[in-house]
Each structure stands twice: as C-alpha cells, then as structure tokens.
Amino acid sequence: MSKNEMISKIEALREWEALMEEAKAEAEAIRDELKQSMIAADVEEMEAGAYILRYTAVLSQRFDTTAFKKVMPDVYKAYTKQVSSRRFSISA
C-alpha cells in the first residue's frame with residue numbers, strides 16, 4: 001500500500017471513528033432519557049409496545065486485588081502472570 005493510500009485510509013478511519021463516537025453519544029443520551037422516564041414513573045420494568053424496558057439494581061461481589069496485594073503481596077505475586085498483547089495506534 002502506498003503512503004498516499006495509507007493517508008487516505010487513516011483519514012477515512014478517523015472520520016468513521018468520529019461518526020461512531022457521535023452515534024454512541026446519541027445512543028447514550030436516548031438511553032438516559034428512557035432511564036429517567038422509568039425513574040420518574042418509579043418502576044423497574046415498563047412495557048412500550050412490543051418492547052419491555054428493565055432498569056434494575058444488580059448486586060455483585062468483586063475481588064479487591066488492591067487490598068489483597070497490600071495484605072498478601074507474596075501470594076499475589078505468586079499468582080500473577082505476565083501477558084503479551086499488541087496495541088494499534090495512530091498519532092498525528
């Protein structure tokens with residue numbers, strides 16, 4: 001691929017990424033409006049035509065690795081493994 005083709009592809013990629021971010025922001029705004037409507041109605045489930053909306057509280061338990069690392073650093077280190085990955089980036 002020539003440098004001109006690469007520049008063209010990078011510019012197209014940036015345009016598409018900007019469009020995706022704009023679409024994500026718009027979708028999030030709509031999602032927030034729906035949530036606010038449910039909060040105002042004080043419901044966790046609502047029917048809207050063929051759709052059922054749910055906005056429920058979910059409880060979960062997470063392992064606190066930071067606290068564990070402070071209390072038992074040797075055990076933490078023994079069960080930590082290094083992983084390798086590749087990162088793609090474009091900078092101007």
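Trainee: What is the relative accessible area of Glu45, and is the residue buried, partly exposed or exposed? Please set the answer in the context of its salt bridge.

Mentor: The model is predicted: local features need pLDDT of at least 70 and side-chain atom pairs count only at pLDDT 80 or more, whereas totals for chains, interfaces and linings use all residues. Residues are numbered from 1 along each chain as its sequence is written, and side-chain values use heavy atoms, with hydrogens and water left out. Glu45 has a relative accessible area of 47% and is therefore partly exposed; buried means under 20%, exposed over 50%, and partly exposed in between, with a 1.4 Å probe and protein chains only. Its side chain meets that of Arg54 in a salt bridge, at 3.0 Å from N to O. A salt bridge here requires a side-chain nitrogen of Lys or Arg within 4 Å of a carboxyl oxygen of Asp or Glu. Arg54, at 56%, counts as exposed.

By this rule there are three salt bridges. One of them joins Glu28 to Arg31, with the closest N and O atoms 2.9 Å apart. These two residues are three positions apart in helix α1, so about one helical turn separates Glu28 from Arg31; helices are DSSP runs (H or I) of at least four residues, numbered from the N terminus. Both partners are partly exposed, Glu28 at 34% and Arg31 at 41%. Lys24 likewise forms a salt bridge with Glu21, the closest N and O atoms being 4.0 Å apart. Lys24 and Glu21 also lie in helix α1, three residues or about one turn apart, and Glu21 is partly exposed at 48%.
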